[in-house]
Structures are given as C-alpha cells and as structure tokens.
Amino acid sequence: IIRNSRLIMSEEVTARLEAVAARLERVAAKLGGKGGGDDDEVPIYVTDYEAIINKEVKDLAETCDKIGLEGASAPLLQAFANSLQLVKRIPKSKKPSVGELNEYLSDGKAAYEALNAKAEPRGKAARKSDRDMEMIYTAVREAANSTNWPKYAAPGMTPKQFIAGDCGATSSTKITQLLLKCKDDGKKQKGKDISPKLKALFDKLEEFVKEYFKTGVDWNPKGVAISEASASGGS
C-alpha cells in the first residue's frame, strides 16, 4: 500500500512539474524567449500559428473549393501565408510603425481586396451579382481580414477583440442571414457546409492570441526593422 501511495505521489509530482515546465515555455514564447538559450530555436507561438494554418485555414480553403466558391481559397491562403511570415519575425523585430506594418502585410490586404470584390461587386459585376453568395464571400473575407490582428493592442482594441468582435461577428452574422433568408436549398447548404469551418478557425485564432498576445504583440526592443529581420524556423 505504501509503495502504491508513493507511486501515485510520484506520478502526481511528475505531472505537476511537466505542467509547470509547459507553462514556463509558454511564458518564454510569449515574451519572445527561445526556451533553451538557442537563438535559432523556434518560439512555440510560431509553431502553434503554423498548425492553425495547416489545419483550420486549409480546411476552410478546401471547403471553399468544395462548395464552388470561386476565387476564394487562393486569397485566403495568401493572407495567412503573409501573416505567418510576420509572426516568424516577431522575436527579432523592433516595433514597426503603422506604415511599416501595413507594408509588410500588403499581400494580406491584396487578398482581402480580392475577396471584397466578390463580396461587394461594383459596376457591371454588381448588376449580375448573387446576394446569397455574396454573404458567403463576406464571411470568408473576414477570415482573411483576421490576419490583421498584429496591428491591434491595448489600451485600444486587443487582437482577441478584433478577431472575435470585428471579424468573427461579421462572418457569423452573414452566414446566419444566409441561412435565415436564402430560399435556395443548394446555396443554403453551402452556408451550412462552410459555417463550422469558419467557426473552428475563429475559435482557434481567439485561443491563440489570448494565449500569446493577449494585449498585443511583444516586439523586441533590441530588434531590427521587420523588413530586415530573419524568420524563426526559416522562410
């Protein structure tokens, strides 16, 4: 009985130590630390962000293709690829100006504009527009727009507030409107197919920024300009 008790206590202590170690690693990653003193070690938040892109973003892109949402998946993937390059450079970058940040995220802006052209067509395209499909394009556009989260920080809007309250809320509202108002069963099914993929992505992004960038990005005060910074984990 004593041996069993000691074994249980040993397992509990080990579990607690592992939890503490994991927490310290997360804190180090949040602060731009590398965990083991190796300057080339990839911060945890870079790995986690890449995992979101490889799972939730790709799932959404594939669903766009599956439901026939033409011209949506490529801009979406482009926006997140652009933001990943920024995230990889956070540990070695000093705080950029608004202009520098906008310039670095220009590929994401182009992706947003491409999706916005589908969501809010102008000119001749507007006369042939499909209001139901536009709502789906708007929902996906906001997923691409969410890649602008590094621009936000307390005491103003935080990254999480931007993702959840701005992008996620707009996306969810458009899908809800589609499901309530659309009389075409086929288009309504497209909304049903894409809705859980959008929700999964926004949920993951909210968890990510809450964990690592709750009040905004912690730039490196001793770093270089973001355009000159090398990428953690390679390009």
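Me: Is glycine 108 buried or exposed?

Reply: Buried means under 20% relative accessible area, exposed means over 50%, and partly exposed is in between (1.4 Å probe, protein chains only). Glycine 108 has 11% relative accessibility, so it counts as buried. Note that this is a predicted model, in which local features need pLDDT of at least 70 and side-chain atom pairs count only at pLDDT 80 or more, while totals for chains, interfaces and linings use all residues. Residues are numbered from 1 along each chain as its sequence is written, and side-chain values use heavy atoms, with hydrogens and water left out.

Me: Where is glycine 108, and which residues does glycine 108 touch?

Reply: Helices (H or I, at least four residues) and strands (E, at least two) are DSSP runs, numbered from the N terminus. Glycine 108 sits in helix α5. Contact means heavy atoms within 4.5 Å. Not counting residues up to four places away in sequence, glycine 108 touches Ala79 and Asn82. Its C-alpha atom is also 7.3 Å from that of serine 83, a residue 25 places away along the chain.

Me: How many helices and strands does the chain have?

Reply: There are 9 helices and 0 strands. Of the 235 residues, 40% count as buried. Among contacts between residues at least 6 apart in sequence, 77% join residues at least 24 apart.

Me: Where is confidence lowest and where is it highest?

Reply: pLDDT is the predictor's confidence in each residue, from 0 to 100. The chain averages 87, and 79% of the residues score at least 70. Confidence is lowest in helix α1 (residues 2–30), with a mean of 55, and highest in α2, at 98. Over residues 33–38 pLDDT stays under 50, and the model has 8 contacts beyond four places in sequence for that stretch.

Me: Which residues of the largest nonpolar core touch the most other members?

Reply: A nonpolar core is a set of buried Ala, Val, Leu, Ile, Met, Phe, Trp, Tyr and Cys residues joined through side-chain atoms within 4.5 Å. The largest one here has 52 residues, and those touching the most other members are Tyr49, Leu69, Trp149, Ile194 and Phe208. Elements giving two or more residues to this core include α2 (44–66), α3 (73–89) and α9 (185–212). The most come from α2, which gives 9 residues.

Me: What is tyrosine 49 in contact with?

Reply: Leaving aside neighbours within four places in sequence, tyrosine 49 is in contact with Phe80, Ser83, Leu84, Val87, Thr147, Trp149, Leu205 and Phe208. One of these, threonine 147, lies in the loop between α7 and α8. Threonine 147 is buried, with a relative accessible area of 3%.

Me: At what angle do α2 and α3 pack?

Reply: Axes are lines fitted to C-alpha atoms, for helices over the stretch in contact, and angles run from 0 to 180 degrees between N-to-C directions. For α2 and α3 the angle is about 175 degrees, and the axes are 9 Å apart. Therefore α2 is roughly antiparallel to α3. Angles under 35 degrees count as roughly parallel, over 145 as roughly antiparallel, 65 to 115 as roughly perpendicular, and the rest as oblique. The contact includes Tyr49, Ile53 and Lys58 of α2, and Leu77, Phe80 and Ser83 of α3. Its residues divide into 13 nonpolar, 2 polar and 4 charged. Here Ala, Val, Leu, Ile, Met, Phe, Trp, Tyr, Cys and Pro count as nonpolar, Asp, Glu, Lys and Arg as charged, and the others, Gly among them, as polar.

Me: How far apart are the axes of α7 and α9?

Reply: Their axes are 11 Å apart, at an angle of about 10 degrees. That makes α7 roughly parallel to α9. The residues of this contact divide into 9 nonpolar, 1 polar and 4 charged.

Me: Which residues does the cis peptide bond join?

Reply: It joins alanine 154 and proline 155, with omega about 10 degrees. Proline 155 is in the loop between α7 and α8.
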